[in-house]
Structures are given as C-alpha cells and as structure tokens.
Amino acid sequence: MPELPEVESARSVLERSALGRRIVAADDTDGWVCRPHPPGEIALALVGTELTAAHRRGKTLWCDTPGGPVLGIHLGMSGKIVIADADGREVDGGDHWEFGRQPGDFRFSRFSLDFADGGVLHLVDPRRLGRIRLDPPLDALGPDAALVTAAEFGERLGWSRAPVKARLLDQHVVAGIGNLLADEILWRAGLVPGRPVDGLTPAERRRLHRTVRSTVDDALHDGGVHTLPLVPHRRPGGRCPRDDAELCRATVGGRTTFWCPAHQR
DNA sequence: TATAGTGTTATCGG
DNA sequence: ACCGATAACACTAT
C-alpha cells in the first residue's frame, strides 16, 4: 500500500514497461474506479494511441498521450501497476507491499490496457480505492514532498490550530505524505503529532521541513516506507527504537497515530 | 469472529 | 469560509 516511495516505484514501472506501446483495447468497466467516466469513455480515448511519458507528484501518477488526454492513475491504499506479457506472465511491477498476492493473480484487476504485442497493463486493486481518470485535476496538489522548499512548506503549512500531523497528511499542503511517513517524520523531528501548528516555534517549523525532506529521501533511497526505523514499532505495545519508551497511540487527523512520550514534545 | 487499516473524497456540523 | 470528524469504497491480516 503505497506512499510516495512506492508510487515512485510504480511510476518507474510505467516508464520502463508501458511507454511507446500501441493500445488496442482498454477495460474501463469498473464504474467506481473509473468514475466519473461512463464505461467505454476512457477506452475510446486511448485505443489507437500510446503512452509517451509517466509523471508523478506526491501519490498521483499521470501519463501523456500524443495530442490526446492525460491518463490519471491513483493507487489508493491497495493499488499496484502490474505488467503482463502475452502469456499472462508478470513481467514488471507487483512485487511490493502487498496482501500476499501471488504473481499472475489478476482477480482484482480493476482497469487494464491491452497492447498490440499482447502485453497487458493492469491496475490490480483489491479494495477499489484507486482511481483512473482522464485529465485529472492536478492544480490542487501541493509541491512534491521530495522537492518542497522551506519557503513553500512554511507558507502552505499555515498557522491554524490544526494538529501538525493533520497538516502533513493534507495533500494540498505537501503531496506524498501518508500515515506511516507522517509518524516517522514527527518522530524524527521530536514533535508530538497533536501539536497545533500555531504553537510551533520558527525553529520547530524549520526542523520539520528539513525532516520531511530527509525522511522522504531516505525512504526513496532505501526502498520504501517499510525501511524507516519507526515503522516496524507502530503497533500496540511497540517501543521507541531510540529510547525504548512504550509508544503512545491515538487517532490524530483521522488516522491511527503512534509517538514516543519520551522524546516527542 | 471482530476489528483495523500505508488513501481520497463528499458531506455534515461547529 | 474554515476546520475537523465521519462515512464510503471492499478486501486482508491479526
């Protein structure tokens, strides 16, 4: 289940295995995943063309077509991009963060593109929280969390009374931070997730920006959010890997949140 | 068996 | 208008 690093990995699958292949059919019949498009609308727009570039900002992916619409792809919580060859064998994608799915299992394919050579691109998404749409709105997304500058971050973080974690999870503020990444960032920055943003000192705000950047860089470089130090300890009874205190647990920003009572203030 | 969950969006109420 | 909480989506893991 993807956060920014896993979505970047899906983008590289698209770039490596989907670009420049002529599309001969598309299955867009899942009306929930493909909303608001009626069945057939996405297929009509894509058949006969090809994908020419794969982009990402935060957790949102999109592909260009020559002179045609942009194909927007969001993986949601359980989506992944899997490429199969003409014999149905998986040749790219699908090998990360999943619910024990076996290669070649396309029961939960919610959208697919058939290429002229017999290859197939699948959006495999058991929970149907992912989304496919033409010309997705991208303007509301904040800057990518791997690239955001201190000035942009400070401006978009704002000075409301909202819990700092709720602001980090808001994709309009910064794009790409999910629940695990947010807990890791606040743990590294030494901030309690429930702290109101308007109570942060200038030094704490600067430290938070630097920690966003370094944590996302680490996760990208090391192969995903699971490689971050706090993440394996985020469970009831888990202890802080820095000082061994039992982690606190609460709902913050609508999501289950863990933090260390010893070093997060 | 019951519950929680790595995401987003619409809607409701303060 | 801003902000936060909640439900919906549907399946898997504990």
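Reader: How many residue pairs are in polar contact between domain 1 and domain 2?

Author: The count is 3, with both residues of each pair at pLDDT 80 or more. A polar contact is a pair of N or O atoms within 3.5 Å; within protein, one must be able to donate a hydrogen and the other to accept it, and residues adjacent in sequence count only if both atoms are side-chain atoms. This is a predicted model, in which local features need pLDDT of at least 70, side-chain atom pairs count only at pLDDT 80 or more, and totals for chains, interfaces and linings use all residues. Residues are numbered from 1 along each chain as its sequence is written, chains are lettered from A and ligands numbered from 1 in the order in which they are written, and side-chain values use heavy atoms, with hydrogens and water left out.

Reader: What makes domain 1 and domain 2 of chain A?

Author: The domain assignment does: domain 1 is 4-134 and domain 2 is 150-259. Such bounds come from an automatic or database assignment. The C-alpha centres of the two domains lie 30 Å apart. In contact (heavy atoms within 4.5 Å) are 9 residues from domain 1 and 13 residues from domain 2.

Reader: What area is buried between domain 1 and domain 2?

Author: About 720 Å², with carbon and sulfur atoms giving 72%. Buried area is the accessible area (1.4 Å probe) that two parts lose on being put together, summed over both. In domain 1, Leu4, Pro5 and Lys59 lose the most to domain 2, together 60% of what that side buries.

Reader: How many salt bridges does the rule find across the interface of domain 1 and domain 2?

Author: The rule finds 0 there. A salt bridge needs a side-chain nitrogen of Lys or Arg within 4 Å of a carboxyl oxygen of Asp or Glu. On the side of domain 1 that touches domain 2, helix H1 (residues 4-17) gives the most, with 4 residues. Helices (H or I, at least four residues) and strands (E, at least two) are DSSP runs, numbered from the N terminus.

Reader: Why is the link between Arg56 and Asp144 called a salt bridge?

Author: Their closest N and O atoms are 2.6 Å apart, so the pair meets the cut-off of 4 Å. Arg56 is in strand E2 (residues 53-57) and Asp144 in the loop between E9 and H3, so the pair ties together parts 88 residues apart in sequence. The whole structure has 17 salt bridges.

Reader: What is the phi of Asp135?

Author: It is positive, about 45 degrees, although Asp135 is not a glycine. Asp135 sits in the loop between strand E9 (131-134) and helix H3 (150-157).
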